Amino acid sequence: MTILCVQFQLPPTYEAALPRLIEMLEEFTPVIEALPPDRALVDLHGAERYFGRDALDLASMIRVRSLARYGIDCAIGAGPGPLFARMALNDSRPGLIRVVPEEPGALTEFLAGQPVAALPGVGAATARTLCEYGLDTLGKVAAAPLSTLQRLTSARTGRELREKAQGIDRGRVVPNAVSRSLAAERSFPRDELDPAEHRRALLSATEELGIRLRALEKVCRTLTLTVRYADLPHSRLRSSGGTPTSTTRSRKLKEPTAHSPALTDAAYRMYEALGLQRARVRGIALRAEGLSPADQATHQLTFDPVDEKARRIEEVADRARARFGAHVIGPGTLAS
């Protein structure tokens with residue numbers, strides 16, 4: 001058991017804690033793939049030999065350190081590959097380490113009884129199509145002719161489905177840096193229905209992201225919005241279990257930027273596309289992803305005096321913040 005999939009039980013709108021948790025995981029191994037907002041894949045091949053402990057012992061140590069340092073519990077899935085670690089996590093819960101067996105016979109037995117929808121990467125439409133033809137478990141998918149699976153899905157999807165159902169995991173942990181993203185969260189003191197307050201929170205978050213990006217001399221390529229709701233008995237957004245739900249949307253920007261108005265415009269567009277219809281919102285989080293050096297970015301000139309003026313004002317405001325503090329200047333909407 002050399003791969004872990006760790007899901008931290010982060011409080012609502014607390015995605016910014018993930019970088020610190022990733023740093024804690026790096027005390028065990030440098031081979032970590034951050035999966036914002038709250039997960040990470042951890043390859044323990046070298047760590048097991050280095051520490052002289054198996055993956056289950058190391059997983060227990062990770063949970064204890066997370067609780068002791070940050071007061072954050074986690075659920076952990078362990079398996080011989082990233083695919084099976086994810087599957088194990090689906091059956092886990094905070095405080096529990098769920099294991100997918102590594103031995104070929106035990107692994108085959110484990111997969112045989114799993115519903116086809118439990119396989120990571122199988123969407124609702126694909127699962128529905130397979131179930132309509134009686135292929136409702138991974139055991140049946142593994143035994144089905146390859147030509148049948150490819151006819152029901154596609155050549156590539158059918159081949160990948162059959163391999164995964166037979167216990168072949170070609171995935172690997174790709175180390176990345178969670179610092180390639182920046183998160184800003186805003187929570188409300190009560191469940192908020194007012195769209196004006198939602199937009200005000202978005203404006204505050206994009207202003208923060210813009211300031212932080214410019215201070216780091218970075219630009220972002222993608223903006224991700226997460227809206228977390230209260231239990232909505234009258235809303236189409238309610239989850240089947242009646243528990244708090246969330247919606248996440250990402251948008252690739254026209255060009256990499258750290259310009260706050262551009263970030264705000266993208267955030268507003270994503271928010272409006274949700275059509276929340278008086279949803280009771282508990283919190284909003286924005287994440288700037290795909291960070292790259294600002295000096296390597298290009299900006300399409302528009303010859304728009306308004307845009308040029310806004311950028312010059314932004315430069316002056318940044319210098320004022322650097323000298324007198326972050327809150328010395330900002331949008332009038334946020335003055336209160």
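This is a predicted model: local features need pLDDT of at least 70, side-chain atom pairs count only at pLDDT 80 or more; totals for chains, interfaces and linings use all residues.
Let me start with a helix pair: R20, L21, M24 and L25 in α1 meet I62, R65, S66, R69 and Y70 in α3, where contact means heavy atoms within 4.5 Å and helices are DSSP runs (H or I, at least four residues) numbered from the N terminus. The residues of this contact divide into 5 nonpolar, 1 polar and 3 charged.

Residues are numbered from 1 along each chain as its sequence is written, and side-chain values use heavy atoms, leaving out hydrogens and water.

Back to the pair: the axes of α1 (residues 18–25) and α3 (residues 55–70), which are lines fitted to C-alpha atoms over the stretch in contact, come within 11 Å and cross at roughly 135°. That makes α1 oblique to α3, given that angles under 35 degrees count as roughly parallel, over 145 as roughly antiparallel, 65 to 115 as roughly perpendicular and the rest as oblique.

Now to two single residues. A201, in helix α10 (residues 195–215), counts as buried at 8% relative accessibility, buried meaning under 20% relative accessible area with a 1.4 Å probe and protein chains only. Leaving aside residues up to four places away in sequence, A201 touches R186, F188 and I284.

T257, for its part, lies in strand β8 (residues 246–257), a strand being a DSSP run of E with at least two residues. T257 is buried, with a relative accessible area of 8%, and, again not counting residues up to four places away in sequence, touches L213, V219, C220, A262 and L263.

Methods:
Buried means under 20% relative accessible area, exposed over 50%, partly exposed in between (1.4 Å probe, protein chains only). Axes are lines fitted to C-alpha atoms, for helices over the stretch in contact, and angles run from 0 to 180 degrees between N-to-C directions. Ala, Val, Leu, Ile, Met, Phe, Trp, Tyr, Cys and Pro count as nonpolar, Asp, Glu, Lys and Arg as charged, and the others, Gly among them, as polar.
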